[in-house]
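Keep the structure in view and find each part as it is named.

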Amino acid sequence: MKHLHLPGLAPLLLIGSIAVMALLIVMPLGVVFSEAFAKGVGPYLAALTDPDALAAIRLTLTAAAIAVPLNAAFGLAAAWAIAKFEFRGKAALMALIDLPFSMSPVVSGLVWVLIFGAQGWLGGWLADHDVKIIFALPGIVLATVTVTLPFVARELIPVMLDQGADEEAAAVTLGAGGLTVLRRVTIPNVKWALLYGVLICNARAMGEFGAVSVVSGKIRGLTNTLPLHIEALYNDYDFVGAFAAASLLASLGVVTLVVKQALEWRYSCELAVAGRR
């Protein structure tokens with residue numbers, strides 16, 4: 001690969017990039033952690049072990065534990081269909097996958113309220129059968145799934161398109177069935193992209209605010225996820241508690257970045273080994 005040689009421009013761009021990163025990422029992270037520990041370790045730990053905080057953490061982990069596998073399964077199936085097969089409606093399917101990117105998360109949550117809310121299309125039937133979706137875990141999961149729907153699929157589709165379908169076709173010629181091809185050929189070839197998509201999807205699911213705030217009801221200790229808990233504490237002027245909870249989400253972002261770099265390094269190593277063979 002050829003690189004441009006423009007004396008003086010590269011250092012200037014590097015300095016500018018570092019300055020922007022420091023302003024938009026490093027400085028806010030520093031503020032979050034400094035405010036979280038402003039009164040010492042004791043208040044920080046007390047804020048994180050508060051019953052409402054623990055309930056918010058449990059709810060966030062539960063919603064992500066349900067939403068991420070669902071989106072991983074959908075993303076794998078959708079990417080496999082788009083990249084390996086030709087069918088009518090492929091362009092429409094790709095557009096639908098990208099729809100959550102172009103739609104406000106608040107609108108995504110409002111859609112579920114209009115369907116399952118007390119005054120929604122199915123609200124009366126759900127009330128008669130004592131089924132709770134809005135202001136309960138199912139609604140939070142639905143909102144989270146909707147917002148994070150594209151992440152796994154969008155990581156897998158370019159990789160699968162680049163790989164083509166030759167190996168799958170060879171496996172079918174040798175008598176392998178569809179599930180065998182998927183399990184033995186397709187998934188091993190895209191495992192790093194799949195893991196990366198799941199990682200990004202999980203981080204997005206745990207940090208989702210807009211859609212979840214619409215469907216949750218913001219009931220402390222019951223339907224407040226961690227981002228909603230942070231907002232509630234901040235509005236109550238409990239800054240140590242709010243920033244302590246925020247530090248958990250910030251830590252998740254840092255861990256996501258580290259794991260992402262590790263996955264990319266491992267993938268590049270495998271490509272290098274494959275290239276020497």
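A residue is called buried when its relative accessible area is under 20%, exposed when it is over 50%, and partly exposed in between (1.4 Å probe, protein chains only). The model is predicted, so local features need pLDDT of at least 70 and side-chain atom pairs count only at pLDDT 80 or more, while totals for chains, interfaces and linings use all residues. Residues are numbered from 1 along each chain as its sequence is written, and side-chain values use heavy atoms, with hydrogens and water left out.

Start with the charged pairs. A salt bridge is a side-chain nitrogen of Lys or Arg within 4 Å of a carboxyl oxygen of Asp or Glu. The structure holds six of them. One of these joins R204 and E208, with the closest N and O atoms 2.4 Å apart. R204 is partly exposed, at a relative accessible area of 29%, whereas E208 is buried, at 3% relative accessibility. Another salt bridge links E86 to K90, at 3.2 Å from N to O. Here E86 is exposed at 73%, and K90 is buried at 16%.

A further salt bridge pairs R154 with D98, at 2.8 Å from N to O. R154 belongs to helix α8 (residues 150-163) and D98 to helix α4 (residues 90-102), so the bridge ties together parts that are 56 residues apart in sequence. Helices here are DSSP runs (H or I, at least four residues), numbered from the N terminus. R154 is partly exposed, with a relative accessible area of 26%, and D98 is partly exposed, with a relative accessible area of 26%.

Now turn to how helices pack. Helix α3 (residues 51-84) and helix α13 (residues 226-235) pack at an angle of about 150°, and their axes are 8 Å apart. The axes are lines fitted to C-alpha atoms over the stretch in contact, with angles running from 0 to 180 degrees between N-to-C directions. Angles over 145 degrees count as roughly antiparallel, and α3 and α13 are therefore roughly antiparallel to each other. Contact means heavy atoms within 4.5 Å. On the α3 side D52, A53, A56, I57 and T60 make the contact, and on the α13 side L226, P227 and H229 do.

How much of α13 is buried? Seven of its ten residues are, so α13 is largely enclosed by the rest of the structure. Among the buried residues are L228, I230 and A232. Just after α13, Y237 takes a positive phi of about 65°.

The interior comes next. A nonpolar core is a set of buried Ala, Val, Leu, Ile, Met, Phe, Trp, Tyr and Cys residues joined through side-chain atoms within 4.5 Å. The largest such core has 26 residues, of which L156 and M160 touch the most other members. Elements giving two or more residues to this core are α3, α8, α10 (178-189) and α11 (191-207). The largest share, eight residues, comes from α3. Leaving aside neighbours within four places in sequence, M160 is in contact with residues including L76, A79 and W80. A second, separate core has 18 residues, among them A67, I134, I140 and A211.

Last, look at T256 in helix α14 (residues 239-276). T256 is buried, at 9% relative accessibility. Not counting residues up to four places away in sequence, T256 touches L199, I200 and A203.

Notes:
Parallel < 35°, antiparallel > 145°, perpendicular 65-115°, else oblique.
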